[in-house]
Every structure is written in C-alpha cells, then in structure tokens.
Amino acid sequence: MTSLRRGRSLRSLREPLVSEVTHPGLSARGRTAEGSDEPQGAQGARAAIDRPGEGTGAELGRRLREGERSAAPAALNLIEDRSPAGREAAAALLAEVSPAALGDEAGAHLVGVTGPPGAGKSSLLSALVAAWRESGRTVAVLAVDPSSKRSGGSLLGDRARIEHDPGDDGVLIRSTAAAGRLGGLAAATRAAAQALAAAFDVVVVETVGVGQSETEVEELCDTVAVVVQPGSGDTLQFLKAGIMEVPDLLVVTKADLGKVARAARRDLAAALSSLGVSETPVLSVSSVPPPEGIAELAAAIDQHRGRLDLPAVRARARRLAALSEFATEHGERAVRAVGGRRAAERTLGELDPALETAALVSLLDRTAREADGERY
Ligand SMILES: Nc1nc2c(ncn2[C@@H]2O[C@H](COP(=O)(O)OP(=O)(O)O)[C@@H](O)[C@H]2O)c(=O)[nH]1
Ligand SMILES: [Mg+2]
C-alpha cells in the first residue's frame, strides 16, 4: 500500500495494471462472428479489437481524447462487451481518457437526470439537448433502461424517447441496460460516461429512481437533477423522512398542467426550507410545446457546476466507483478483508487523487489478498 502513496508517477503505476490488447486468437474468432446473429454491440467490439492500430481500445481512447466524437459509438460497443478480451480493451481505452492521459479531469459536465418512470425525464432531455446544442455544446446522453428488469415493459407506460436530429453529430443518445437493482448503475455505464466525457461537452446519465436509488448517479455525476411530476408525493415524502439525499436541483415537470404543478413546486420548496437547505433550486419546466423553463434549468445546471471543486468531486467518484466495482466482483467478504467500506474509502483517499478507477480496484484487490490470503 505504502509504495503507492500520493506523488508516485501515474505512468509507472499504470504500466503493470493495464496492458495493451494483444490477442492472437481474436482475429479468427472475429471472422467467424461476421454475419452471425451476434448482437451488434459484440460484433462492433470484436471488429474494434481486430483492427490493430485503428479500432483497438487504446486507439479509440486516443481518438476520443482528441475530441473525435465519431469514435464514440465503437468505444461504447467495446465498453459493453463484457468478455475478457472486451474488458481488457475497455481498460486500455479508459487509460487513454484517464486524468493522467488527459493531463486534467475530463472537461465535460457530467449531469445526472433521475426520477420515477413517467415523470418526464426523456421529454425534458429532448428540450435540454436542443438548448445545449443551440448554445454550441455537444451532448451525449446515456439512458439507463430499467425495462429489462420488469416483464412486459409495463413499468414505463407510454414512454417518450429523447428526440434529436439524427443528422447532428454533436449529439449521441445511447440506451444501456441497467444491471442489478432498479436504478443501479453498471460498471459499464460509469466507464461509458468517463469515455464520453473526453469528447463531449455535456454527458447526461438518465436513470430511473426514487429514494435511495439515485445515490449511484449522484456518485458518478457532477450535478444531479431529480425530476418530479406534479401530484406525486414520493419525492416529498422521501425528502422529509430523510430517505432521499437532497439533490443538487429539483425539477417539477409538466408546468403546463398549471395549478397542480405550482402546488408541487411550492411543497418541495417548503420541504427543503424546513430541512434548512433552501438554497437548493426548485425549478418548474414544461417540455411540451411551447417549452417553458428550459433555459432557466440549463443556467441552474451551469451555476451548480461553477460552484464545484471539480477535481475533488471526480476523485471521490472514482473512489466510490472502485469500491462498488470491487464489491460487485468479489463480494462483501472481500470488502471486509480491506477493513470495510469506510476504511477502504479512507485508504483510497490517501492515494494520488488522479488515479483512475481501474488502478484503485487493483489496489483494493492486492490489499484484500494480503489481508485475507487464500481465503479471499
Ligand atoms: N403535459 C405534459 N406531459 C408531459 C410533459 N413531459 C412529458 N410528458 C408526458 O409524460 C409521459 C412520460 O414522459 P417521459 O418523458 O417518457 O418520462 P420519463 O419516463 O421520465 O422519461 C409522456 O406521455 C409524455 O408525453 C410536459 O411537460 N407536459
Ligand atoms: Mg425516459
């Protein structure tokens, strides 16, 4: 542990942890996969691994780092390929967009948009994406789709998609399946956000959640907006009961409904003020034409970002992501082997804050092995 304290060069650390992709057997496998029924993502990833120098993980990462947005779809395919080769390529990709490789934290604003199904998140994002594009910003949206976790898709009811101009290469919208519980963020979603953050100005993670399930999106994103529709008391209840953390922004949708929307906004503002956090903005928006409150929301999102200590926020996100990935992969026993969550968080907090998630996971791995030996 001690040899990896703050100050040691990042490059020397990265070397043994992340190796370049060299898989002699892969080209053959890639060829047989051609024309098969394999899902597009997997094929894309294979193709990306196959073409040395052009579509390898490292190359895709380098292209994203240089702001080449056309590399993003292939990069996302690679990240979603959870095969051992895919994961190795993804690690090489992520190393290329790490703070060490970028020389700084990724410049994108990572924005979380979360709320119950039907609240109006996707409709709102259609309007927000248009507003951001008008101001010249490029936008990527990762919509984490929980429908795979429920039968028949009844959960989402009449679901609106995020509208955008398909001919505009400044926008990328991608749906990813939620892994684990409702609202849970898969490691792949975190990695995807990190990769996109190198090439887009705004990266949005849209998740379905009420109550505690927005914690993970809060850990990943710089700014989190919780979206509430009028007449639904959940958020209010959760806030009052302390079940839900106070978000950075609260957004009441469907302002066109009038009285009920105004009442919802008033109640939320009153709840926040009774909790002593009256500085948290509560905004009211309408996403149906004519849209209302969108520019104000975009401005409030920017203002929040302006107040952040970004390196600290990102370093914390990497620590929490590492812990979460470590626990997912090795179980709670392994977490106990590193002294429990809090102790592990503290230990990680003493390391170079620019260390990428993969390096932190490897470190936890090593620590657990040292502590627990064979049993771990
Ligand atoms: N009246 C009204 N309906 C809206 C508004 N925004 C969304 N909706 C409707 O609410 C439903 C759910 O919207 P959607 O954006 O899919 O919500 P999501 O599940 O949170 O992404 C759809 O039928 C939308 O047309 C709005 O501003 N006003
Ligand atoms: Mg939606």
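This is a predicted model: local features need pLDDT of at least 70, side-chain atom pairs count only at pLDDT 80 or more; totals for chains, interfaces and linings use all residues.
Local features required pLDDT of at least 70 and side-chain atom pairs counted only at pLDDT 80 or more, whereas totals for chains, interfaces and linings use all residues. Residues are numbered from 1 along each chain as its sequence is written, and chains are lettered from A and ligands numbered from 1 in the order in which they are written.

Seven strands form an open sheet with parallel pairing, in the order β3-β2-β4-β1-β5-β6-β7. Helices (H or I, at least four residues) and strands (E, at least two) are DSSP runs, numbered from the N terminus, and two strands pair if DSSP finds at least two bridges between them. The edges of the sheet are β3 (171–177) and β7 (282–284), each of which pairs on one side only. From one strand to the next, the twist averages 20°. Strand β6 (residues 249–252) runs parallel to β7 and is joined to β7 by three bridges; Leu250 has Val282 of β7 as its bridge partner. Helix α12 (residues 259–274) lies across β5 (223–228), β6 and β7, and runs at about 175° to β7. Axes here are lines fitted to C-alpha atoms, for helices over the stretch in contact, and angles run from 0 to 180 degrees between N-to-C directions.

Helix α5 (residues 72–80) takes part in two of the helix contacts described here. With helix α4 (residues 57–65), the axes come within 10 Å and cross at roughly 140°, which makes α4 oblique to α5. Angles under 35 degrees count as roughly parallel, over 145 as roughly antiparallel, 65 to 115 as roughly perpendicular and the rest as oblique. The crossing of α4 and α5 is left-handed; a crossing is so termed if the near helix is turned anticlockwise from the far one by less than a right angle, and right-handed if clockwise. Gly57, Leu60 and Leu64 of α4 meet Ala72, Ala74, Ala75 and Leu78 of α5, contact being assigned if C-beta atoms, placed from the backbone, lie within 7 Å. Six of these residues are nonpolar, one is polar and none is charged. In this classification, Ala, Val, Leu, Ile, Met, Phe, Trp, Tyr, Cys and Pro count as nonpolar, Asp, Glu, Lys and Arg as charged, and the others, Gly among them, as polar.

With helix α9 (residues 187–196), α5 packs at an angle of about 155°, the axes being 9 Å apart; α5 is therefore roughly antiparallel to α9. The crossing of α5 and α9 is right-handed. Ala72, Ala75, Leu76, Ile79 and Glu80 of α5 make the contact with Ala188, Ala191, Ala192, Ala195 and Leu196 of α9. Nine of the residues in this contact are nonpolar, none is polar and one is charged.

Helix α14 (residues 310–337) packs against helix α16 (residues 357–372) at an angle of about 25°, with 8 Å between their axes, and α14 is therefore roughly parallel to α16. This crossing is right-handed. Residues in the contact include Arg318, Arg319, Phe326 and His330 of α14 and Leu360, Val361, Leu364 and Asp365 of α16. By class, the contact of α14 with α16 has ten nonpolar, two polar and five charged residues.

Around ligand 1 there are 19 residues, of which Gly120, Lys121, Ser122, Ser123 and Ala160 come nearest; a residue is near a molecule or strand if its C-beta atom, placed from the backbone, lies within 6 Å of it. The shell has six nonpolar, eight polar and five charged residues. Helix α8 (residues 121–134) gives the most to this shell, with three residues.

Two loops hold the backbone features. In the loop between β6 and α12, Lys254 has phi near 55°, a positive value in a residue other than glycine. Pro290, in the loop between β7 and α13 (294–306), is joined to Pro289 by a cis peptide bond with omega about -5°.

Note on methods
Two residues are in contact if their C-beta atoms, placed from the backbone, lie within 7 Å.
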